[in-house]
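Hi,

Here is the structure I said I'd pass on.

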Amino acid sequence: NIDVGTGSEIYVINIDGSSRFRVTSDLVWDQVPVWSPDGSVIMYAANDGEGNIDLYQISPEGSNRYRLTQNPAEDGGFRLGHTYLPQPVGLTGLAPEKQLTFSINLPDGSSAVSNGVLFATNSFNCEDCLKTGIYFATYDGANSQELPISGFYPAWSPTFTKIAYVVNGELWIANADSSSPTQITHAFYNLGSLDWSTDGKKILANCQPYGQHDTCLIDIETGAIQN
């Protein structure tokens with residue numbers, strides 16, 4: 001692809017540099033052209049300038065342009081890449097995508113804990129460090145104990161009656177006494193760095209839904225994530 005005044009366009013050219021032909025002509029950034037295995041079409045990604053990247057297919061003559069994806073995110077392109085399978089894969093039949101049927105029941109409230117802090121440790125390659133886990137310590141440092149829950153990024157709820165934390169990239173919530181640990185999300189967003197809203201109904205988190213670091217808002221009653 002070659003940059004032009006209003007974006008970048010896809011060209012085809014002979015190996016000896018002759019007969020250059022412009023395949024695309026539009027106002028978006030066309031990128032990463034890939035030949036199909038039989039050479040009959042070209043797949044490429046296009047950025048509309050607002051962060052939405054979709055995949056398109058077009059003939060080498062510039063005809064029959066067809067939009068392959070309509071996901072409001074990044075589909076292929078410079079960062080994620082895209083390619084054809086070397087040969088077709090036969091399907092034995094169509095099957096509906098599995099729907100998540102779980103429901104979330106938050107743990108019942110417990111007595112507030114307001115005289116200490118939470119912190120997580122990772123003892124990887126450190127024999128003298130605290131064992132990997134979540135710990136509670138009083139403000140004066142006189143008392144430190146490992147909690148019976150494990151994970152990272154622990155955070156008190158605004159009322160100090162619940163603990164939010166991350167296990168394998170998913171949000172979990174337990175009572176302040178570590179009872180009733182409950183998984184809240186099942187979205188594979190690689191969550192981290194949690195912070196509760198003042199009303200205790202949502203949690204702000206670092207997330208990586210598309211590989212890069214983003215900010216996500218999580219509804220703890222439904223597990224829904226807004227990027």
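Asp214 is buried, at a relative accessible area of 19%; buried here means under 20% relative accessible area, with exposed over 50% and partly exposed in between (1.4 Å probe, protein chains only). Before you dig in: this is a predicted model, where local features need pLDDT of at least 70, side-chain atom pairs count only at pLDDT 80 or more, and totals for chains, interfaces and linings use all residues. Residues are numbered from 1 along each chain as its sequence is written, and side-chain values use heavy atoms, with hydrogens and water left out.

Asp214 sits in strand 18 (residues 214-219); strands are DSSP runs of E, at least two residues, numbered from the N terminus. Its contacts (heavy atoms within 4.5 Å), leaving aside residues up to four places away in sequence, are Ala205, Asn206, Cys207, Pro209 and Asn227. With Asn227 there is a side chain to side chain polar contact at 3.5 Å. That term takes a pair of N or O atoms within 3.5 Å; within protein, one must be able to donate a hydrogen and the other to accept it, and residues adjacent in sequence count only if both atoms are side-chain atoms.

Now the cysteines. There is one disulfide in the structure (a pair of cysteine sulfur atoms within 2.5 Å), and it links Cys207 with Cys216, S to S 2.1 Å. The link between Cys207 and Cys216 is right-handed, with 80° about the S-S bond. Both Cys207 and Cys216 are buried.

Cheers

Notes: Helix = DSSP H or I, 4+ residues; strand = E, 2+ residues; numbered from the N terminus.
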